[in-house]
Amino acid sequence: MSGIQSFIDMLFIGVITLFPVVNPIGSAFIVNPYLSNLEIQEKRKAVKKIALYAFILCTIALFAGHWILEIFGITIPVVQLAGGIMICKIGWEFLSSDKKEEKTLIDESGESPNSNYTLIQDKLFYPITFPITTGAGSISVLFTLSAHSANAHINMYLINTGAILSAIVVICLLIYFFYLNTKKIIRVIGKEGEQILNRIMAFLIFCVGLQIGITGIKSLIIA
């Protein structure tokens with residue numbers, strides 16, 4: 001019974017700690033400009049890939065993240081700084097982009113909507129999955145959760161790790177749901193509301209990138 005309770009507790013902790021850093025609701029609005037020109041089948045296919053990539057990335061971070069960073073001699077603050085710079089770049093591109101550019105990208109091709117998926121499929125991992133969906137914050141949280149049970153008894157380690165993996169699955173399902181249904185939410189707020197929301201989200205992306213980068217700099221200075 002204590003094993004079941006431990007599993008539930010760790011599952012709850014995993015979901016609660018991962019949800020704010022992944023932020024599937026906010027990230028859905030950030031990612032929407034990339035997916036807005038896709039047909040429903042193409043969008044479903046793209047979102048499935050994003051959720052799968054997020055699961056693989058989080059699982060690798062959970063089991064092998066520490067060793068990968070040690071092999072390359074990279075610290076978490078450096079990952080935070082680099083991730084912050086990349087997110088700032090994405091936010092700046094969204095802020096400075098013109099809506100007309102998106103339309104000419106499709107109009108000039110003169111092809112069926114299938115070409116739209118081809119245009120964004122190379123972006124499904126970078127920058128959509130990493131660092132927008134699962135970035136330095138997610139990796140840091142998973143490192144912390146894995147360290148929490150690293151020295152535990154083998155049975156407790158398996159229970160805790162299974163619970164964290166289950167939490168990752170829950171978060172990936174939320175990513176799939178919100179990314180797939182963003183258009184429905186936007187439809188409620190209207191076209192003008194969408195444009196305003198996109199600009200606000202672009203500014204917030206830039207601010208989030210700055211915050212992550214500054215956190216990394218502070219950690220490097222303290223260290």
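**View 1. Ile 56 sits in helix 3 of this predicted model.** A helix here is a DSSP run of H or I with at least four residues, and a strand is a run of E with at least two, both numbered from the N terminus. Ile 56 is partly exposed, because its relative accessible area is 39% (buried means under 20%, exposed over 50%, and partly exposed in between, with a 1.4 Å probe and protein chains only). Local features need pLDDT of at least 70 and side-chain atom pairs pLDDT 80 or more, while totals for chains, interfaces and linings use all residues. Residues are numbered from 1 along each chain as its sequence is written, and side-chain values use heavy atoms, without hydrogens and water.

View 2. Patch residues have over 30% relative accessible area and no salt bridge; nonpolar side chains (Val, Leu, Ile, Met, Phe, Trp, Tyr) are joined within 5 Å, like charges within 9 Å. Areas follow the Shrake-Rupley method with a 1.4 Å probe, and for residues only the protein chains shown count as cover. A salt bridge is a side-chain nitrogen of Lys or Arg within 4 Å of a carboxyl oxygen of Asp or Glu.

**View 3. Five residues form a patch of positive charge on the surface: Arg 44, Lys 48, Lys 183, Lys 184 and Arg 187.** Lys and Arg count as positive, with the charge placed at NZ of Lys and CZ of Arg. Helix 3 (40-72) and helix 10 (182-222) each supply at least two of the patch residues, and helix 10 gives the largest share, three residues. Lys 184 belongs to helix 10 and is exposed, because its relative accessible area is 52%.

**View 4. Helix 7 (residues 124-133) is mostly covered.** Eight of its ten residues are buried: Leu 124, Pro 127, Ile 128, Thr 129, Phe 130, Pro 131, Ile 132 and Thr 133. Across the 223 residues of the protein, 40% count as buried.

**View 5. UniProt, in an unreviewed entry, places "transmembrane region" at residues 6-30, 50-68, 124-145, 157-179 and 200-222.** Such annotations may be inferred rather than shown by experiment; feature names are shortened and positions follow the numbering used here. Residues 50-68 are 100% helix, with end C-alpha atoms 22 Å apart. Residues 157-179 are also 100% helix, and their end C-alpha atoms lie 33 Å apart. The protein has ten helices and zero strands.
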